[in-house]
Amino acid sequence: MKVFINYDDARWRRYKIDFTRIASAVSNAPGAEVSITLTDDAQIHALNRQYRGIDRPTNVLSFELGDDILLGDIFISLDTVQREARAAGISVAEHTAHMVVHGILHLMGFDHIDDRDAVVMEQREIDVLKKLGYKNPYADEDACACTDACCRRLLAGRSFKLRENGWGQYALYLIFGVMAALGFAPFNLWWATVLGVGGAYWLTVRGGDEKRGFFKSLLRASPFGAAYALGMFWWVVNSIFVVPDLTRQFAVWTAPALIGIALAGGIIFAIPFAAIRCMRTNPWGRPFLFAAVWTLVLWLREWVLTGFPWNPIANITFAWPVLANSMSLWGALGLGVVVTGFIASAVELLRRRRRAVAVTFGIFAALVLIGAVVGARNIRRAAMQPQARPPMIRIVQPATSQADKGTHSRAAALKTAEQNLQRLIALGAADARADIIVYPETTYPFVVTRGDDFPMAQLLNTPVVMGALSYDDGRLFNSMVVANEHGDIEKIYSKSHLVPFGEYAPLGGLIPSPGNLSRGAGPEIINVQTAGGDFVFAPAVCYEIIFSDSLTSADPHVPHAIINITNDTWFGKTPGTYQHLDMVRRYAIESGLPIVRANYSGISAFVDSAGTVVSQLPIGETGYLDGFVWGDHRTVYRALGRDAWMMIVLVFAILAMSAVSVAARKD
């Protein structure tokens, strides 16, 4: 075979490559001719854009003439070949040989559009390169980090082909998604989340560094998002089966609900992976982009369908209290950046051991250390003893089943309500006298209206905080009622973050909801007068506690604590109940406020401002829990707020990507 070489880039001349020998190893067809132009990224970028409509440089382009003698033209870019050879740890000559073989096979009619053709072409390449004394380029996927579609089909090994957009790839995404969900309560397998997110990141970047379409990239990673979401949120459908009446009405929605969770998760949690795949980034800047987009997704989840920012990845750090307490500095948003960036940079470092990538990894490692130092300080502040005795607070946990709380007939309902009321009074009275008694969400068996008194508090002769339904101006609210020891209602705080599909019907009522409640006005600060002095707290009903800085940012006063009343009876011993407690722990660290948590059937607890569960009542146990709260302090995160930290995260990502890119140019 005759080979005509055109040196459009003089840098190629330093490499002593026998192109005729390589071409002849591919084909010995008598009289056949091929033209090889050795160029750079600028020229091949222009050709790629002009003839293929792809606006980026690539490694090799083949232009077939359809003639048995004049096979066609091959263009090879030195810039891309150098990058890929360096990343794969092979010589430029070896990688160029692969590009020549690959290009000539295209001119001879070989292709890899479908898997069957790809197997034939890849095996032919392997055989030719072996004849030339080079190793199998597909034995290790990172041995050829090609940017062209011609070179994207990479193998994990000859026994198992892990092809892009193949079933094996999607199966691995699913497995990694399930693994990533196991880092949260009650499993707390933090390492599974690290491996799951890291594995999905590796799958996403394994095909090279070139830019792809966003929607194709989103679809590619969607199995991870679907499995991750189902692994974390399947328990929400448990609520359908708690009360027989609801089961009969809503059981038909079980499968659609699970499918909906998978579809929503497949989109939401795939976005960070789609971002790093569709945007042209380098290995040292990519972890910053990934971490920033992952955190941006969490931030956006604060509002969609009234918001559901459940299980921020920062929650897997509770295994290391000093690291978890770094949320006092930068919140779950900032710690999420640290965790995801650390995982991504570790993967990049394992793939490409280069100085620039090591710098990126070092930045995230330094952030881990900084966070640990700040976290240790927050733990010390939380442990500071109060100068005066704080009020004793009693948490009551009724642990009555949802089915027992309601009856069909009016007479039976009134009788059941009276019995429940007597039981609640008995639990609250106990032996020792408390300064405040806290009952869970929707505990009071009657609807409260403005102007009502609260005889239960008068009977207990103690200020009472209790969950109840309230009625005002034709609307029904899920509320927290605060009454003094004389039975006077001093405050009715109504929940502003309602549970979609549970307390109201989103999407215009397209999907029915068992509740039709109205929203409250938002965060407040409440003062309760006790025998030992005023007790100031921020109220939170149910999952309002999961929204970063939503309870205290609107008021300049510093409360002594947060009182969170909730009813997790709907979810029993599923992961949701345990994860809800972890969300409380996260908020305590972020805000620097201890939390009194009254849960109808458990887990009720006292949580200090370092996120430590001081004492608790387990799920399903009827009883009460006495305790004190102290150690409130104003954290950096609470001072700046969630949105300011989101802006800091974005600016940090942009500046870090720029700085590391400058360092990489010197690499």
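## Ground rules

Residue numbers start from 1 along each chain as its sequence is written. The model is predicted, with local features needing pLDDT of at least 70, side-chain atom pairs counting only at pLDDT 80 or more, and totals for chains, interfaces and linings using all residues, while side-chain values rest on heavy atoms, with hydrogens and water left out.

Helices (H or I, at least four residues) and strands (E, at least two) are DSSP runs numbered from the N terminus. Axes are lines fitted to C-alpha atoms, for helices over the stretch in contact, and angles run from 0 to 180 degrees between N-to-C directions.

Let's start with an open sheet whose four strands follow the order 1-2-4-3, with mixed pairing; two strands pair if DSSP finds at least two bridges between them. Strand 1 (2-7) and strand 3 (60-64) are the edge strands, each with a single partner, so one side of each has no neighbour in the sheet. From one strand to the next, the twist averages 15 degrees. Five bridges link strand 3 and strand 4 (residues 70-77) in the antiparallel sense, and here Leu61 stands opposite Phe75 in strand 4.

Helix 4 (residues 92-107) lies across strand 2, strand 3 and strand 4, and runs at about 145 degrees to strand 4. What does helix 1 meet in helix 4? Phe19, Ile22, Ala23 and Val26 of helix 1 touch Thr96, Ala97, Val100, Val101, Ile104 and Leu105 of helix 4. By class, this contact has nine nonpolar residues, one polar and no charged. (Ala, Val, Leu, Ile, Met, Phe, Trp, Tyr, Cys and Pro count as nonpolar, Asp, Glu, Lys and Arg as charged, and the others, Gly among them, as polar.)

The axes of helix 1 and helix 4 are 10 Å apart, at an angle of about 45 degrees. That makes helix 1 oblique to helix 4; angles under 35 degrees count as roughly parallel, over 145 as roughly antiparallel, 65 to 115 as roughly perpendicular and the rest as oblique.

## A salt bridge across the sequence

The whole structure holds 17 salt bridges, each defined as a side-chain nitrogen of Lys or Arg within 4 Å of a carboxyl oxygen of Asp or Glu. One to look at is Asp79 with Arg11, whose closest N and O atoms are 2.8 Å apart. Asp79 sits in helix 3 and Arg11 in the loop between strand 1 and helix 1 (19-26), so the pair ties together parts 68 residues apart in sequence.

## Helix 8 and its partners

Helix 8 (residues 214-233) and helix 11 (residues 271-278) have axes that come within 8 Å and cross at roughly 140 degrees. Helix 8 and helix 11 are therefore oblique to each other. On the helix 8 side, the contact residues are Phe214, Ser217, Leu218, Arg220, Ala221 and Phe224, and on the helix 11 side Ile271, Phe273, Ala274, Arg277 and Cys278. Eight of these residues are nonpolar, one is polar and two are charged.

Helix 6 (residues 167-181) also packs on helix 8, at an angle of about 30 degrees and with axes 7 Å apart. Helix 6 and helix 8 are therefore roughly parallel. Among the residues in this contact are Tyr170 and Tyr173 of helix 6, and Arg220, Ala221 and Phe224 of helix 8.

## Strand 8 and its neighbours

Strand 8 (residues 464-472) runs parallel to strand 6 (residues 436-438), joined by two bridges, with Val438 opposite Val465. Strand 7 (residues 448-449) is likewise parallel to strand 8, over two bridges, and Val448 has Ser470 as its bridge partner.

On the pairing with strand 9 (residues 475-483), strand 8 is antiparallel over nine bridges. Strand 8 and strand 9 form a hairpin with two residues between them, and Asp473 in the turn has a positive phi of about 55 degrees.

Another open sheet has six strands in the order 11-12-13-14-15-16, with mixed pairing. Strand 11 (526-530) and strand 16 (613-617) stand at the edges. Three bridges connect the antiparallel strand 14 (residues 595-599) and strand 15 (residues 604-607), where Arg597 stands opposite Ala605. Helix 19 (residues 575-591) lies across strand 13 (561-566), strand 14, strand 15 and strand 16, at about 160 degrees to strand 14.

How values were computed: Contact means heavy atoms within 4.5 Å.
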